[in-house]
Amino acid sequence: MPRVVVKAIFDNIRFKCQRCGSCCHHKRPLEFDDLIPAEQIEDFWRSSNLIYLTEKDVHAISNRTGMRPPDFVDTLYDYSECYVKIEDEGRRVILDLPVLKSKEDTTCVFYQEGCSIYSVRPIACRLFPFRVEEETLDNGDILLNISCNPTCPGIGKGKMVDKKKLEGLVAEQFLQRTEDISPHIQKLNSSGEIASGARIYRTLPGRGRKRSSSI
């Protein structure tokens, strides 16, 4: 079984949120297609700051606000609780992971002179200005390296960052996402719907175009 290693790779730093709202603006870089192949994922992460949601995040926000998930969740395909799609007779496996919707000015739909869902904000929001770079080694092990965004005005202020707590949040997010995806992958594999050598893609949702799929 592959191991998952979570590690904060930045030096000891201080951080205190300045409530400036800069992290509540979502960037969807235009240079990427709707479907992003694995070899482009790293470049995409570096140039975007979308807020990815786990199913637990979605349910918590829905329960707190009374809103239906499609009202605040962006996915490339029509929203469902299955985030694994297949195309091209199983030769393309697409992870359509949900992200928070944005308003026309690119701010989060829940940003109103501050976060209106702060008590149930997603793990991705709780992590900012720290971001996770995922790397898969040749032996299948997965490294989750936590870096920080040095342009955030809260860096260098407040208390010293607790790296262990941060690593725990990242591990929790990874586990929840795995639980969201794995059962669907296993079902598709067992039914033979995923072709041998299938390519993995992630989606870039939220640019106003929806797609249909066989799953």
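The model contains an open sheet of four strands in the order 3-11-6-5, with mixed pairing; strands (E, at least two residues) and helices (H or I, at least four) are DSSP runs numbered from the N terminus, and two strands pair if DSSP finds at least two bridges between them. This is a predicted model, in which local features need pLDDT of at least 70 and side-chain atom pairs count only at pLDDT 80 or more, while totals for chains, interfaces and linings use all residues. Residues are numbered from 1 along each chain as its sequence is written, and side-chain values use heavy atoms, with hydrogens and water left out.

- Strand 5 and strand 6 (residues 92-95) run antiparallel and are joined by four bridges.
- Within this pairing, Lys85 has Ile94 as its bridge partner, and Ile86 stands opposite Val93.
- Strand 6 is also joined to strand 11 by four bridges, and these two strands run parallel; here Val93 stands opposite Ile200 in strand 11.
- Helix 4 (residues 163-190) packs on the sheet and touches strand 5 and strand 6, where contact means heavy atoms within 4.5 Å.
- The direction of helix 4 makes about 35° with that of strand 5; axes are lines fitted to C-alpha atoms, for helices over the stretch in contact, and angles run from 0 to 180 degrees between N-to-C directions.

**Backbone geometry**

- Most residues other than glycine have a negative phi, and most peptide bonds are trans.
- Strand 5 and strand 6 form a hairpin with four residues between them, and Asp88 in the turn has a positive phi of about 55°.
- Asp88 is partly exposed, with a relative accessible area of 42%; buried means under 20%, exposed over 50%, and partly exposed in between (1.4 Å probe, protein chains only).
- Thr106 likewise has a positive phi, near 75°, and lies in the loop between strand 7 (99-100) and helix 3.
- The relative accessible area of Thr106 is 32%, which makes this residue partly exposed.
- Phe128 and Pro129 are joined by a cis peptide bond with omega of about 15°.
- Pro129 belongs to the loop between helix 3 (123-127) and strand 8 (130-136).

**Cysteines**

- The count of disulfides is zero, a disulfide being a pair of cysteine sulfur atoms within 2.5 Å.
- For Cys17, the nearest cysteine sulfur is that of Cys23, 6.1 Å away; Cys17 is partly exposed at 40% relative accessibility.
- The sulfur of Cys115 lies 6.3 Å from the closest cysteine sulfur, in Cys24, which is too far for a bond.
- Cys115 is partly exposed at 35% relative accessibility.

**Largest pocket**

- The largest pocket has a volume of about 1600 Å³, a volume being the space filled by probe spheres set on grid points joined across faces, edges and corners.
- A pocket is an open set of points on a 1 Å grid over the protein atoms alone where a 1.4 Å probe fits, with protein on both sides within 12 Å along at least five of seven lines; lining residues have an atom within 4 Å of a point.
- The lining of the largest pocket has 50 residues, of which Trp45, Glu134, Phe174, Arg177 and Arg202 are the closest to its centre.
- Elements that give two or more residues to this lining include helix 1 (41-47), strand 9 (142-148) and strand 11 (199-203).
- Helix 4 provides the largest share of the lining, eight residues.
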